[in-house]
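Here is a walk through one protein model, beginning with the surroundings of its ligand and moving on to the backbone and the domains. The sequence and structure come next.

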Amino acid sequence: MRDLRDNDEFWMRRALDLARQGKGSVEPNPMVGCVVVRDGEEIGAGYHQRFGGPHAEVHALEKLEPEAVHAATVYVTLEPCSHFGKTPPCADLLLKHKPARIVVAMEDPYPEVSGRGITRLRDAGIHVELGVLDSEARLLNAPYIKLLDTKLPWVIAKWAMTLDGMMATHSGDSKWITNEASRAFVHRMRSEVDAILVGSETVLLDDPMLTARISSEEVPRRTPLRVVLDRRFRIPVGCKLAHTASQVGVLVVAGQSSLDANPQKMDQLQRLGCDILGIPPGLHDESIEFTLRSLGAKRLTNLLVEGGAQILGSLFDRQLVDQVDCFIAPKILGSHDARQPVCGKSKDWMNQASPLDRSTWREFDGDIHYRGFVRRS
Ligand SMILES: NC(=O)c1ccc[n+]([C@@H]2O[C@H](COP(=O)([O-])OP(=O)(O)OC[C@H]3O[C@@H](n4cnc5c(N)ncnc54)[C@H](OP(=O)(O)O)[C@@H]3O)[C@@H](O)[C@H]2O)c1
Ligand SMILES: [Zn+2]
């Protein structure tokens, strides 16, 4: 027989698993899951399924009469809302059902909620427990929390490399390092983020498409904006990104002076459907920060950076990376002049390396997919 604490964690884990199903569909809202449990049995469950849609609590309670809930415990991964947003407050819905207990993983940092939902429920005499699996809930919604705190998107650095740590040959060839299963997973990752960023050199060398190409049985959750960081405005008008811009958005971030010097090219790209954002002259060295601030202002929650090495190096130099997804293929390039995946500033000492936490890894037909989170001091 599990004790109460174990029970709470068990059901909260179930609510977190449900919440996770909203990934890619709910942003910039948080992922939220909710489970209603009576006498050790689940009688209702739901999660926030899409941006603007009903909240998790609504789905979990919709088929239940209030009487059925009076003796139940409601588990919810985020503090119930207390304000009128796109939907009425979930705190009111819970008060109508009056469960015996409500267990909440974490407070909602959203300024209009932040503690008010819990206070409202407690003031009405409901026993509310806060903090069960708090760190798991924070990790799940770390991008949501970061966007609220800093107005910057969550930055995922992704690269593929050979076992000897190379991401392209000396000539720039990188097709393909990893196998089909790894690449299919990357396409799924793309379908869950708001934007994909690459450096101009990657466009010049690889001419990538950067779209989420997933199997016909899967439904894409979102179509990421494709962003090119291109201070000198070298993007070729004939590249695949430009020629698909009318179907899938492209944002070229280029130095204002380079744009002013090439009005015709700017016009051609705009006519193909590309958006162009000028970097003000004083911000040349802060092109990455400027781009992240612009994406954050559009409330883009997750940014996948797919290289190349210079962009990734600049991001690590500036401590702007939150998450690393590295795909390692069991191949040795064995070449002294091959390209490394992350080319930032040189370091003298190993203790200057960026440590990663909460590492996990899995296998894709012999490739290794490593995921970790950059430790913040
Ligand atoms: N294996 C993989 O996962 C993978 C993924 C992607 C690419 N690649 C390979 O990577 C190679 C290209 O990478 P790369 O390192 O040469 O170039 P890159 O990082 O794709 O692009 C570098 C360019 O980005 C621009 N940029 C704008 N702001 C920057 C900033 N703050 N810091 C640094 N650069 C900035 C610079 O041009 P401006 O000064 O004009 O702005 C710079 O020349 C190709 O060989 C490609 O195949 C491999
Ligand atoms: Zn709500």
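Sorted by class, the shell around ligand 1 holds twelve nonpolar, ten polar and eight charged residues. The model is a predicted one. The shell counts 30 residues, and those that come nearest to ligand 1 are Gly199, Glu201, Arg231, Gly307 and Gly308. Several helices and strands take part: at least two shell residues each are supplied by β6, β7 (195-199), α9 (200-206), α13 (287-297) and α14. Among the contributors, α9 has the largest share, with five residues.

Most peptide bonds are trans. The bond from Gly307 to Gly308, however, is cis, and its omega is near -5 degrees. Gly308 sits in the loop that runs between β11 (302-305) and α14 (309-317). Both Gly307 and Gly308 are among the residues that come nearest to ligand 1.

A further cis peptide bond leads from Lys175 to Trp176, with omega near -15 degrees. Here Trp176 belongs to the loop between β6 (154-162) and α8 (180-190). Strand β6 has already come up, as one of the elements that supply at least two residues to the shell around ligand 1.

Most residues other than glycine have a negative phi. Leu133 is not a glycine, yet its phi is positive, at about 55 degrees. Leu133 is placed in the loop between β5 (127-130) and α6 (134-140). Is Leu133 buried or exposed? Leu133 is buried, because 22 other C-beta atoms lie within 10 Å, and 20 or more are needed for that label.

Arg358 is another residue other than glycine with a positive phi, in this case near 45 degrees. Arg358 is found in a strand, β13, which covers residues 356-364. With 11 other C-beta atoms within 10 Å, Arg358 is exposed, since the label applies at 12 or fewer.

The last step is to look at the protein as a whole. The protein is divided into domain 1, residues 4-143, and domain 2, residues 152-374. Taken over C-alpha atoms, the centres of domain 1 and domain 2 are separated by 35 Å. The contact draws seven residues from domain 1 and nine residues from domain 2. On the side of domain 1 that touches domain 2, three residues are nonpolar, two are polar and two are charged.

Note on methods: Residues are numbered from 1 along each chain as its sequence is written. Chains are lettered from A and ligands numbered from 1 in the order in which they are written. This is a predicted model: local features need pLDDT of at least 70, side-chain atom pairs count only at pLDDT 80 or more; totals for chains, interfaces and linings use all residues. Domain bounds come from an automatic or database domain assignment. Two residues are in contact if their C-beta atoms, placed from the backbone, lie within 7 Å. Ala, Val, Leu, Ile, Met, Phe, Trp, Tyr, Cys and Pro count as nonpolar, Asp, Glu, Lys and Arg as charged, and the others, Gly among them, as polar. Helices (H or I, at least four residues) and strands (E, at least two) are DSSP runs, numbered from the N terminus. A residue is near a molecule or strand if its C-beta atom, placed from the backbone, lies within 6 Å of it.
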